[in-house]
Amino acid sequence: MRQNKGRRLAFLRDGIVLIAIFLLGILIAAKLDSDNMQRHAGAYYVIDGDTLALNGKRFRLLGIDAPEIDQQCQRNGSDWPCGQAAKQALASLVSVGLECRGNDMDRYQRLLVRCFLDGQDVAAEMVRRGLAVRTEYFLFSDEESEAKASGLGLWAGAFEAPANWRKLRKTAEMDVPLSGFLAAVRHLLGWE
C-alpha cells in the first residue's frame, strides 16, 4: 500500500516537472521569436487599406482585410468607394513615427506586420473605424463588434467581404473569353 502511494507521488511529481519544462520551452521559444522579428520604421507609403511600402518593400497588416482600391460598397442605397475610403483612412493613421514589426511573409512575399504609432495598433484602428474586417478569430474581435454596433464604415450598409470580392472578380475575369464564346453560340442557335 505504501509502495503504491509512493509511486503515485513520484508519478505526480514527474508529471509536474515535465509540464514545467514544457512551459519553460514555450516561453523560451516565444522570447526567441520576438527577438527575431524584423522591425521597420520610417515614412511609409500607403498602397491600400491594409498594405504599406517602405524603401521598396511591401508590408501587409496582420489580422485584417480591407476593401480593394476599386471596390465599391453600398451605403444609403448608393455606391460609395469603400476601397478608396480604406486607403485614405490608413493614410491618416500613418506618419513618420510608425513602427512595424513581423517575421512571416505572405504568399505575395509581403512581410506580415503589426504596426504601432504612439502605442496605437494601426490595424485595430482600421477595424474600429469599420474600414477593414478581421481575419483572425480572436484578434480585433472587440473592435469589429464596436464598428458593427455603431454602423461605421463598411457596416453602414452592404458590402462584399474583400476576400470574396477578389475571388468573384478573378472568376469574372477568367470567364470573359468563355462567356463571349458562349454568347456567340447562343446567338447562332437563337437561344437569346
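This briefing outlines the overall make-up of the protein and then selected residues, grouped by topic. The model is predicted. The secondary structure of the protein comprises five helices and eleven strands. Of its 192 residues, 31% count as buried.

**Overall surface and contacts**

- The accessible surface of the protein amounts to about 12,700 Å², and carbon and sulfur atoms account for 58% of that area.
- Among contacts between residues at least 6 apart in sequence, 53% join residues at least 24 apart.

**A nonpolar patch on the surface**

- Leu9, Leu12 and Ile16 form a nonpolar patch on the surface, and together they have about 310 Å² of accessible area.

**Aromatic pairs**

- The count of aromatic pairs in the model comes to three.
- One of the pairs consists of Tyr44 and Phe59, whose ring centres lie 5.6 Å apart. Their planes stand at 80°, so the pair is classed as edge-to-face, given that angles over 60 degrees fall in that class.
- This pair links distant parts of the chain, with Tyr44 in the loop between β1 (38-41) and β2 (45-48) and Phe59 in strand β4 (residues 57-61). The two residues are 15 residues apart.
- Tyr44 and Phe59 are both buried.
- Trp155 and Phe159 also form an edge-to-face aromatic pair, with 4.9 Å from centre to centre and 85° between the planes.
- Trp155 is partly exposed, because its relative accessibility is 24%. Phe159 is likewise partly exposed, with a relative accessible area of 24%.

**Arginine residues and their surroundings**

- Arg75 lies over the face of Trp80, at 3.8 Å from the ring centre.
- Another arginine, Arg110, is located in the loop between β8 (99-105) and β9 (111-117).
- Arg110 has a relative accessible area of 15% and so counts as buried, because the limit for that class is under 20%.
- Leaving aside residues up to four places away in sequence, Arg110 touches Thr51, Arg58, Phe59, Arg60, Asp104 and Met105.
- Phe59, one of the residues that Arg110 touches, is also the partner of Tyr44 in the edge-to-face pair described above.

Methods. Residues are numbered from 1 along each chain as its sequence is written. This is a predicted model: local features need pLDDT of at least 70, side-chain atom pairs count only at pLDDT 80 or more; totals for chains, interfaces and linings use all residues. Side-chain values use heavy atoms; hydrogens and water are left out. Patches are made of residues with over 30% relative accessible area and no salt bridge: like charges are joined within 9 Å, nonpolar side chains (Val, Leu, Ile, Met, Phe, Trp, Tyr) within 5 Å. Accessible areas come from the Shrake-Rupley method with a 1.4 Å probe; for residues, only the protein chains shown count as cover. A salt bridge is a side-chain nitrogen of Lys or Arg within 4 Å of a carboxyl oxygen of Asp or Glu. Rings of Phe, Tyr and Trp (its six-membered ring) pair if their centres lie within 6.5 Å; planes under 30 degrees apart count as stacked, over 60 as edge-to-face and the rest as tilted. Helices (H or I, at least four residues) and strands (E, at least two) are DSSP runs, numbered from the N terminus. Buried means under 20% relative accessible area, exposed over 50%, partly exposed in between (1.4 Å probe, protein chains only). A charge sits over a ring if NZ of Lys or CZ of Arg is within 6 Å of the ring centre and within 35 degrees of the ring normal. Contact means heavy atoms within 4.5 Å.
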